[in-house]
Amino acid sequence: MLLTSKLAEQIYASIADAPIIDFHTHLPQQEIYDDHRFADLWELWLKHDHYKWRLMRGCGVDEQFITGDAEPFEKFKAFASILPLAIGNPVYQWAHMELEAVFGITTALNADSAETIWNQANQALENDPQLSVRGLLEKFKVKLVCTTDDPTWDLSTHEKLATEDGLYTTVLPTFRPDRFLSPHQPEKFQHAIADLAKCVGFKIESFDDLVTALAKRHAAFHAAGCRMSDHGLPYCPTQPSSEFNLEEIFSRSMSGTIASEDEWNAFAAALMQHIAKLNTEKGWTMQLHLGPLRNVNSRMALELTADSGFDTMGSWPQTEPLVAFLDQLSFTDSLPKTIVYNLNPNESEAICCALQNFQCAPTPGKIQYGPAWWHCDHVRGIREQIDILTTLGAIGTSIGMLTDSRSFTSYVRHDYYRRILCSYLADAASNGEMPSDLELLSTTARNIAHLNAESYLELFLTSDSLLAATLEN
């Protein structure tokens, strides 16, 4: 599947069993600690997967069989029934890759095969000791998982995982302070401030208090092994804070006044600059997820809450704000290693080109044009991301793929990416665009598959060193 030539197959053979470095996920660390076992294929596959939910809605499935009160098998059969309508969609491709990789099932999933596949998979989930959470991570050779964590969250589970003997996968938190960049959403902002004050043990009554509190949590995350921050932004904020009173914006939002777009921009820019400085001081990597337009179906978003499949590509200009943001950090010597994920492909080439202006020694690819993400992690989107980086940067510095997933079977997405990568390299070599050198092409693929990420992220602390850092903190 997805291997276009004999040369692609040869390159792929060199990385088919390579370990996985999954540096951005939404996996629940508690389920890893508990070594959770899944009751059935619905819980494993459909319970949290908004990719599948969106596809089911698009094929006319009633919400009762998606997030409603239908029985698990009825929901699974509804999903199976619409899959033949979605041939070529990545969800169709991933579903069949997962069935084969996890359960050895090669039968096409549809309404007729749904019950047989349901029974076969559920029997395996019940009886196969390898199909627990930890077993699946080891089965897929997942060497690293980075979860996504609000600054107020309890880190004790991460600390327990870090000191546990015999765990195949390193599990580390990621610092995600998005809630604190929301003075334009006063209720959300107020709840975030209250949670943070409780967490740090002192009142937060000003912007300066907020900065101090987040710095304290940043240090706690560092002690727990965290080496990355993550930021979901419509676009990079760049408004000079000197033109606004940040303390007034803070106070008004705490009183229920909605910040204007310019006020949000100034407030978010100032807070992001503080976090980038902390990242630089501690050697962290900053991730920028740019462009999502959230909860666009307001009725359904209110009914089902966020992350239910009602987010889409935004159309804000991205390149100029990104350049201004990176330049501000570079000018103050506070630009950390940064991964930029672009959701709307309209500006992909411009963004990749812009990032090359901020590369510097000693890190190859210090500013990463990140992997195809979310609505772009399909065959065409992945090929375009690889081709743009090859053309405008250095493909050999890429840190590869991630899952961005809540599912423990979604690791087939790394295999999916690797197959597309190998075919891209092989096709380019066949066209005379790259050397037809199997050793060079295989080395490039191997570096992108996992070695570059290991070197770039510097996340592999031993349990002993994490424990020492925790005790020291």
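**Close-up 1. The largest cavity of this predicted model holds about 40 Å³ of space.** The model is predicted, so local features need pLDDT of at least 70 and side-chain atom pairs count only at pLDDT 80 or more, while totals for chains, interfaces and linings use all residues. Residues are numbered from 1 along each chain as its sequence is written, and side-chain values use heavy atoms, leaving out hydrogens and water. A search of the whole structure turns up one cavity of 30 Å³ or more. Here a cavity is a set of points, on a 1 Å grid over the protein atoms alone, where a 1.4 Å probe fits but cannot get out; points are joined across faces, edges and corners, and the volume is the space filled by probe spheres set on them.

**Close-up 2. The lining of the largest cavity is made by D49, Y51, K52, V91, W94, A95, E98 and R413.** Lining residues have an atom within 4 Å of a cavity point. Helix α6 (90–103) and helix α4 (50–58) are the elements that give two or more residues, and α6 provides the largest share, four residues. Helices (H or I, at least four residues) and strands (E, at least two) are DSSP runs, numbered from the N terminus. By class, the lining has four nonpolar, no polar and four charged residues. Ala, Val, Leu, Ile, Met, Phe, Trp, Tyr, Cys and Pro count as nonpolar, Asp, Glu, Lys and Arg as charged, and the others, Gly among them, as polar.

**Close-up 3. Helices α11 (residues 207–223) and α12 (residues 246–254) pack at an angle of about 85°, with their axes 8 Å apart.** That makes α11 roughly perpendicular (65 to 115 degrees) to α12. Axes are lines fitted to C-alpha atoms, for helices over the stretch in contact, and angles run from 0 to 180 degrees between N-to-C directions. On the α11 side, F207, D208 and L210 meet L246, E247 and F250 of α12, contact meaning heavy atoms within 4.5 Å. Sorted by class, this contact has four nonpolar, no polar and two charged residues.

**Close-up 4. A cis peptide bond joins A361 and P362.** Its omega is about 5°. Look for P362 in the loop between α16 (348–355) and β9 (367–369).

**Close-up 5. D404 has a positive phi of about 50° although it is not a glycine.** D404 sits in the loop between α17 (379–392) and α18 (412–430).

Definitions and conventions: Parallel < 35°, antiparallel > 145°, perpendicular 65-115°, else oblique. 1 Å grid on protein atoms, 1.4 Å probe; cavity = no way out; pocket = protein on both sides within 12 Å on 5 of 7 lines; lining within 4 Å.
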